[in-house]
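Subject: Structure handover

Hi,

Here is the structure for you to look over. My notes follow below it.

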Amino acid sequence: VDYRQKAAAAGRIPTNYLRRELGSTDKEILTSRVIDRSIRPLFPAGYFYDTQILCNLLAVDGVNDPDVLAINGASAALALSDIPWNGPIGAVRVGLVDGETIINPTRKQLSSSTLNLVVAGAPQNQVVMLEATAENILQQDFCHAIKVGVKHTQQIIQGIQQLVKEQGIVKRTVQKLFVAPEEIVECAKKLAFNKIYAVFTDTSHDKISRDEAINKIRLETEEHLKEKFPEAEPYEIMESFNVVSKDIFRNLILNEYRRCDGRDLTSIRDIRCEVNMFKMLHGSALFQRGQTQVLCTVTFDSLESSVKSDLISTAVSGVKDKNFMLHYEFPPYATNEIGKVTGVNRRELGHGALAERALKPVIPQHFPFTIRVTSEVLESNGSSSMASACGGSLALMDAGVPVSSAVAGVAIGLVTKCSLEKNGDLEDYRLLTDILGIEDYYGDMDFKMAGTNKGITALQVDLKLPGIPVKIVMEAIQQATAAKREILQIMNQTLAKPRPNRKENGPVVETIHVPLSKRLRFVGPGAYNLKKLQAQTGVTLSQLDEETYSVFAPTPSAMHEAREFIREICKDDQEVNLEFGAVYTATITEIRDSGVMVKLYPNMTPVLLHNSQLDQRKIKHPSALGLEVGQEIQVKYFGRDPTDGRMRLSRKVLQSPATAALKTLTDKNSIVMGGTVPQSSSSSQ
């Protein structure tokens, strides 16, 4: 599935160099995954013919999010085609605003909603796919929203079914379904049943040794099958062994309530947590659950480093800048394999987005830094995205981020038994807490839920079945909630609440007050001073308002260097608060055609006293008055120009009979770091 947002749909032109749509954005890839997960379970078993679905956004109103429409559009397109597919499905978005459940909320309503739930349903109130982000909402509210969503999907399904009926669609007959022949399966069962059963019931095996033992049996069995069925296709031989292995594994769970690692159905694996792994990092944590191990690190940077959304994503999907992100990395060695390490693939992007959504609700809204959590999977045997949520929560608390609560996540699996007499209806099922990779592979569901002790923050449900009853989803939520609380208790033994302070070597933010009159001096020609400051010290400056700048330094030592640099560029620009209407002694520093440059005190930047303000008579050059460099003259101060902050002085007005008393000045710093406005200085008479 490929979902593409077109700039023209939002009435915009792409802002890249070529002015056309280029590669897929994160939003497009995540939407493609949601569509894929909704429709994939309904293809018939053994159907492996290449099928592509393209969802092109042609027009967008800026009010409704188009992703749910894309799911329904894909469902309608498949239902109206002759492609074999056991649909249709319907999808709705469910929001929760002020305790009221809203179906397909507008973008404005969604911004104030505590829930963003996408439900894909099949006929007879079956659930096919769930994707949710929640602001730590209660379990009962969440369950109610799912039930309401499933109910509303039935209207869409009925509409598509009516359309199919009107069009008289007939599905094509598939040339060949790639399924294992019954005869070869029975033979494989006789050859390998006892050996496979022995491996799956031996709880001393870990992931690698179990895989090696099964592969050894596989090779032996396939050799015998090839001899007995020389005309069989290679996939038939391989698939026959897979069917036998899968049946043995599932029947152990269904009939004997046994799991291959010896746990009962609701037990979680052993958990080990460590924090502050590396002193130089802003925050770090290692979370290990069984053979799944994740290292999470936290990095702080300036608010300028936040993820900037492009114009098209903002116009189409309402995606805005974000100052919290979680990046998930899954290297090949995590599963004892080799592979080419390239950019982020769709799976990594999806897993990272899920863990990010799990943690986002507990991050404080007004935090002075951009936060990046990286989750590197060092070892994987199931549920690494939920381990990333747990490790990320610990790393954030280790970094001193004042999160509202700790977050934990867990994966729930499902093994079902279908009735052959009742048209494939579910006859029996078992829910498994904290599933292994093999339980995900041989099972029917990957149900991931994350949240705090109080409520739920994220949910993702993928199925291999063409739908399950809402009742099973409710039970899975209940089972996940119990496991989540158990995990949080273990995590709290390592670190129960955020550290009161960030690390000493962490970044620092300060504000600088720069009066308008001194901004040119501070910034420098062509922002030379700012560029030099950032290049030499590594700090980042951003302007908050016309007189205030924010300085971000990656370390306290960098902030100290920045302070010294700022003092250096401003040391000859000291200022005092001058009294309006007072007379001061000024020293001429330069003679120009337009007037004279004067200083009122030694460290002041010279200002121009224009020819028109030098004398009552009209003069064209200061030399007409016999003025020279170094000469002292009396001037009157009339404040500053409100437009550019320049000092307004006059010598001309002092030639009238009424003259004010003369003022002398003391020096005072005008550019202040730390956000305080300079106090009034005293001037002695």
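Buried here means under 20% relative accessible area. The model is predicted.

**Helix α9**

By that cut-off, 12 of the 14 residues of α9 are buried, so the helix is largely enclosed by the rest of the structure. The buried residues include Glu348, His351, Glu356 and Arg357. Leu349, Leu354 and Leu359 are also among them. What covers them? The cover includes helices α1 (26–39) and α10. It also includes strands β6 (126–137), β10 (324–329), β14 (445–451) and β15 (456–463).

α9 covers residues 346–359. At 1.5 Å a residue, its 14 residues should span 20 Å, and the end C-alpha atoms are 20 Å apart, which agrees. At the start of the helix, look at Asn345: one of its side-chain oxygens comes to within 3.1 Å of the backbone nitrogen of Arg347.

**Helix α10**

α10 covers residues 384–398. For α10, 15 of the 15 residues are buried, so this helix is also largely enclosed by the rest of the structure. Gly400 follows α10 and has a positive phi, near 85°.

**Domains**

The domain assignment gives domain 1 (1–179), domain 2 (182–256), domain 3 (274–388 + 490–494), domain 4 (508–570) and domain 5 (582–654). How far apart are the C-alpha centres of domain 1 and domain 5? They lie 73 Å apart.

Best wishes

Definitions and conventions: Residues are numbered from 1 along each chain as its sequence is written. This is a predicted model: local features need pLDDT of at least 70, side-chain atom pairs count only at pLDDT 80 or more; totals for chains, interfaces and linings use all residues. Side-chain values use heavy atoms; hydrogens and water are left out. Domain bounds come from an automatic or database domain assignment. Helices (H or I, at least four residues) and strands (E, at least two) are DSSP runs, numbered from the N terminus. The expected span of a helix is 1.5 Å times one less than its number of residues. Buried means under 20% relative accessible area, exposed over 50%, partly exposed in between (1.4 Å probe, protein chains only). Contact means heavy atoms within 4.5 Å. A polar contact is a pair of N or O atoms within 3.5 Å; within protein, one must be able to donate a hydrogen and the other to accept it, and residues adjacent in sequence count only if both atoms are side-chain atoms.
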